[in-house]
Amino acid sequence: MAKIRWSLFFMLIFVLAFAPILCLSCLYPQFYDLSCPKGKEIVKFVVAKAVAKEARMAASLLRLQFHDCFVKGCDASLLLDSSGKIISEKLSNANRNSARGFDVIDEIKSALEKECPQTVSCADIIALAARDSTVLAGGPSWEVPLGRRDSRDASLSGSNKHIPAPNNTFNTILTKFKLRGLDLVDLVALSGAHTIGNSRCTSFKQRLYGQSRNYSLPDYTLDQFYAAQLRTMCPKSGGDQNLFFLDYASPTKFDNSYFKNLLVLRGLLNSDQVLVTQNMASLQLVTLYAGNNEIFFDQFAKSMVKMGNISPLTGYKGEIRKNCRKINY
């Protein structure tokens, strides 16, 4: 029996040591088990500290993975500041004055560079921080496949084009998901991330006042009592940066109340509410998740892993940045 145990032990060591060579393009949870065994705990510690300081940060860190993966794939291109020929994706319509949490990523990277220099990619930090943030908010956990490398460029045009916008129609949003290899089930489940976090008045103001921002026909896909409440802090003129909970029922708790809100026409963004007003199949999924939190959690975890597999740089592609804000020179 002792010989068998030692054989299994050495076999495990062999797999962990040579997996990067045997499969240069593979992502797997144990990627850093030998090269940076404390890496995951370091990420978890810094994220927990940030979320304890500001509950909203959980949603901000989770959102970073969405906005990174939908542009060029999950390669940390979002984290790059403008420099030289690089124009930062942080300047896009989807990210400007909106995307946040970059300082937390910097703190994680700094701690990892001290523990295991130039080993853990910024792209993998984003993926781990998104998972840890979800768990801290009360959501599901999942094993994060690792081994991504970092991009040496960014795409401002891609960020403007590919990230779903608050005013997009259902078909436009679904098309953007399909272009990234995600389907209708992924769309509805991942939209559930809006169970935590905030949105600015400017992102839904047209639902309250019409496109011209003059009083016009009300948006009948928005509960009018809820709309009246929103108008008190989102005026027809000004207040564009005022923040509102995406899920007014439980704004800092990761649960299925987001879907319950949609069924009573209390989705904050048009891109949320269209899940029940413009497509029967998505309405059925919203109803399913609203009625069963466990099913939602299970699918959310699966869809997050799937999204995290969008066009990663692996093997010898890209690099492992020393500083997530700039490429190595």
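**Close-up views of a predicted model**

**View 1. The largest nonpolar core and Leu 62.** In this predicted model, the largest nonpolar core comprises 75 residues. Leu 62, Ile 108, Phe 259, Phe 300, Met 304 and Met 307 have the most contacts inside this core. Beyond its neighbours within four places in sequence, Leu 62 is in contact with Ala 130, Thr 134, Ala 193, Ile 196, Phe 254, Phe 300 and Met 304. Another core, of 13 residues, lies apart from the largest one and includes Cys 201, Phe 204, Leu 208 and Tyr 226.

View 2. Strand β1 spans residues 198–200 and contains Ser 199. Ser 199 counts as buried because its relative accessibility is 7%, under the 20% limit. Its contacts outside four places in sequence include Phe 204, Asn 242, Leu 243 and Phe 244. Ser 199 and Phe 244 are 45 residues apart in sequence, yet their C-alpha atoms are 5.4 Å apart in space.

**View 3. The salt bridge between Glu 107 and Lys 49.** The side chains of these two residues meet at 2.5 Å, N to O. Glu 107 belongs to helix α4 (residues 102–115) and Lys 49 to helix α2 (residues 39–53), so the pair ties together parts 58 residues apart in sequence. Glu 107 is partly exposed, at 35% relative accessible area, and Lys 49 is likewise partly exposed, at 42%.

**View 4. The salt bridge between Glu 319 and Arg 152.** The closest N and O atoms of this pair are 2.5 Å apart. Glu 319 lies in the segment after α14 (293–308), and Arg 152 in the loop between α5 (122–136) and α6 (156–162), 167 residues apart. Glu 319 is buried, at 8% relative accessibility, whereas Arg 152 is partly exposed, at 40%.

Note on methods
Residues numbered from 1 in each chain as written. Predicted model: local features only at pLDDT ≥ 70, side-chain atom pairs only at ≥ 80, totals over all residues. Heavy atoms only, no water. Core = buried A, V, L, I, M, F, W, Y, C linked by side-chain atoms within 4.5 Å. Buried < 20%, exposed > 50% of the residue type's maximum accessible area, 1.4 Å probe, protein only. Contact = heavy atoms within 4.5 Å. Helix = DSSP H or I, 4+ residues; strand = E, 2+ residues; numbered from the N terminus. Salt bridge = Lys/Arg side-chain N within 4 Å of Asp/Glu carboxyl O.
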